[in-house]
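This briefing covers the overall fold, the division into domains, the interface between them and the salt bridges. The sequence and structure come first.

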Amino acid sequence: MKGAAHARSEREPGVEVSGGAAFAPGLEGVVATRTRLSMVDGAAGRLVIAGFPVEELAGRASFEETLYLLWNGVLPDAGRLEGLRGDLAARRALPEAAGEVLEAAVAGGAAPIDALRMAAGTLAPSGNDRDDALTSVAAFPTIVAACWRLSQGREPVEPDPGLSHAANYLYMLSGEVPGEERVRALETYLNTVSDHGMNASTFAARVISSTGSDLISAVVGAIGALKGPLHGGAPGPALDVVFEIGEPGRAEGVLRERLDRGERLMGFGHRVYKVRDPRADVLAGAAERLYASDADEELYRLALEVERTALRLLEEYKPGRNLDTNVEFYTALLLHGLGLPTGLFTPTFAVGRVAGWTAHCLEQRETGRLIRPQSEYVGPEARKWVPLEER
Ligand code: COA
């Protein structure tokens, strides 16, 4: 191409670019912010949410308690908890525009996660971050449930202000008030995924917030980041393998075939955790209780056998890579046990993670600085303009 001369050569990662900055692809190893919200210790397999190990918090707290904790740094007393419940319940109804967007999205065949992004974009920023945080957390389940029902040719179910956040989500999906075990299982899931360090969607939300933009814009951007298959977009395949295996005796054969073809086993391995993802244990316990009381226990036992076989084979095929069970394996099992279709796995992840996104936006506003990394230019520098007729 004419004029494309003198491209700079690319430097190795870690080599100084300018003014003391080093090239860190994907920002790996770069600490861009300090947070009180969560700590991910990948070597020890620990996740701490606002001071509580995930094992301590997830199975005990209601989702509203976790939300209050993330927003305020302390657990609420009874009065404050009641206040938060009321504030959320009062904001569950959607603006008219959201209903219209959802109908159009469903008619156009949009995936539920895309419909969530579109409808969340109709929520009007109020000029007050706390209000916008309440509005987005309260509206997400209504949007996802309405989208799901519309895609089934059914009318959306009006939110019930008498139900908790999690119970109301299940109610709006099925039209039936859920039992305690199901609500507990969903709350455990939502709490477990409520926050997880500087993951890509949380980072996206913080970047948007750091510019002084509103919190609704930040969570809409975060949904876009969550959708990607390297982040929250691939929970279904883990369950598909369990279904394909069908019975414990077939686990080894099916998994070996996949590994012989060089395929990855979904639900195993993690970029940060080099031991078992602590969220997997919390969700395994919740799934065990749910399946024992309310779902297909045989499927749970099959999943355990698939996990055991997968871990043994991964050690055989990939020795020393420390591939262990990640959050997706039991997420899929738990959400399936709750009757959610795979298309709702990622939107339901968003229903939980919006707690962390909003908390990070509030924290960013208080303590943060404009997030603005540098780039290393590797293109040419002295091109001469070529008139259109000469190109
Ligand atoms: N099944 C089989 N092999 C796997 C594997 C899996 N699930 N995950 C990683 N590996 C292998 C890689 O092929 C590679 O092998 P090699 O050294 O012979 O080339 C080695 O382990 C290291 O993989 P790498 O790609 O460097 O790890 P990563 O940290 O970049 O990958 C994931 C992390 C999550 C992308 C990866 O483990 C994966 O693809 N898992 C399956 C998808 C999944 O469950 N995603 C949800 C994550 S919460």
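Helices here are DSSP runs of H or I with at least four residues, and strands are runs of E with at least two, numbered from the N terminus. Counted this way, the chain has 16 helices and 3 strands. The model is predicted.

**Overall dimensions**
- The C-alpha trace spans about 70 × 55 × 45 Å along its principal axes.
- The radius of gyration of the chain is 23 Å, which agrees with a compact globule, because 391 residues in such a globule would give a value near 21 Å.

**Domains**
- Two domains divide the chain: domain 1 takes in 51–229 + 347–367, and domain 2 covers 235–337.
- A distance of 27 Å separates the C-alpha centres of domain 1 and domain 2.

**Interface between the domains**
- On the domain 1 side 12 residues are in contact with domain 2, and 14 residues of domain 2 take part in return.
- The size of an interface is often given as the accessible area lost when the parts come together.
- For domain 1 and domain 2 the buried area is about 1,200 Å², with 72% of it on carbon and sulfur atoms.
- The number of salt bridges between domain 1 and domain 2 is 0, and 1 residue pair is in polar contact across their interface, both residues being at pLDDT 80 or more.
- The elements giving two or more residues to the side of domain 1 that touches domain 2 are α1 (54–57), α8 (180–192) and α16 (345–367).
- Helix α8 supplies the largest share of that side, 6 residues.
- By class, the side of domain 1 that touches domain 2 consists of 4 nonpolar, 4 polar and 4 charged residues.

**Salt bridges**
- Side chains of opposite charge can pair when their charged atoms come close.
- The structure as a whole holds 22 salt bridges.
- One of them joins lysine 227 to aspartate 114, with 3.0 Å between the closest N and O atoms.
- This pair links distant parts of the chain, 113 residues apart: lysine 227 sits in the loop between α10 (215–226) and α11 (236–245), and aspartate 114 in helix α5 (residues 112–120).

Technical notes
Residues numbered from 1 in each chain as written. Heavy atoms only, no water. Domains from an automatic or database assignment. Contact = heavy atoms within 4.5 Å. Buried area = accessible area lost by both parts, 1.4 Å probe. Salt bridge = Lys/Arg side-chain N within 4 Å of Asp/Glu carboxyl O. Polar contact = N/O pair within 3.5 Å; in protein donor to acceptor, adjacent residues only side chain to side chain. Nonpolar A, V, L, I, M, F, W, Y, C, P; charged D, E, K, R; others polar. Rg over C-alpha atoms; globule rule 2.2 N^0.38 Å.
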